[in-house]
Amino acid sequence: MIRYTLVCDAGHSFESWFPSGSAYDEQTERGLVTCPVCDSAKVSKAPMAPAVARTDRDRRPAAEPSASAGLPAVANPPPTAPVAGPMPMIAEPERRLRALLKAVREHVVSTAEHVGDRFAEEARAIHYGDAEGRPIYGEATPHEARELAEEGIEVMPLPPSPDDRH
Ligand SMILES: [Zn+2]
């Protein structure tokens, strides 16, 4: 015996037992399988595997209206989320990123020479060997930064300090 969950053309879902899969095919073809709700013979297998050894875990209430009708709801409630909300999941990486950027900035500020708005000029001079090679930092306009990049001079924007308020 094999049990199929069937659905009629009106959308009613019900279960029926058959001696075999081919018996199901034959009986539905001859219109012998009808919907218990609306008597429609236009039934087909619901899009799920035939039940052979189902466990409670696999039960889907929507597929078994006849079996579960009238019973009080006993479904396991969804587990409560251990976290209060999405905030920690977003804030944590951002906090780490900010700490990382702060560390980068502090490293640059403590090891590089501040050249102010002469940055592009100095970077170019160092690149072409006209000035002593050393790490520098300073201010550059987006236009200057693009020009440096086009000349193959590697520069990177310094992460803004949280203290900076321009
Ligand atoms: Zn029906």
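The side chains of Glu151 and Arg124 form a salt bridge with an N to O distance of 2.9 Å; the term means a side-chain nitrogen of Lys or Arg within 4 Å of a carboxyl oxygen of Asp or Glu. Glu151 sits in the segment after helix 5 and Arg124 in helix 4, so this pair ties together parts that are 27 residues apart in sequence. Helices (H or I, at least four residues) and strands (E, at least two) are DSSP runs, numbered from the N terminus.

This is a predicted model, in which local features need pLDDT of at least 70, side-chain atom pairs count only at pLDDT 80 or more, and totals for chains, interfaces and linings use all residues. Residues are numbered from 1 along each chain as its sequence is written, and side-chain values use heavy atoms, with hydrogens and water left out.

**Salt bridges**

Side chains of opposite charge can pair when their charged atoms come close. The structure holds nine salt bridges, among them these:

| Pair | N to O distance |
|---|---|
| Glu113 and Arg134 | 2.4 Å |
| Glu147 and Arg124 | 3.8 Å |
| Glu151 and Arg124 | 2.9 Å |

Arg124 is partly exposed at 25% relative accessibility, where buried means under 20% relative accessible area, exposed over 50%, and partly exposed in between (1.4 Å probe, protein chains only). Glu151, at 30%, also counts as partly exposed, and Glu147 is partly exposed at 31%.

A network of salt bridges links Glu113, Arg118, Glu122 and Arg134.

**Helices 4 and 5**

The axes of helix 4 (residues 119-127) and helix 5 (residues 142-150) come within 10 Å and cross at roughly 10 degrees. Axes are lines fitted to C-alpha atoms, for helices over the stretch in contact, and angles run from 0 to 180 degrees between N-to-C directions. The two helices are therefore roughly parallel to each other (angles under 35 degrees). Phe119, Ala120, Ala123 and Arg124 of helix 4 make the contact (heavy atoms within 4.5 Å) with Glu144, Glu147 and Leu148 of helix 5.

**The start of the chain**

Met1 lies in the segment before strand 1 (2-8) and is exposed, at 70% relative accessibility. Its C-alpha atom is separated by 5.5 Å from that of Phe18, 17 residues apart along the chain. Not counting residues up to four places away in sequence, Met1 touches Trp17, Phe18 and Pro19.

Key:
Parallel < 35°, antiparallel > 145°, perpendicular 65-115°, else oblique.
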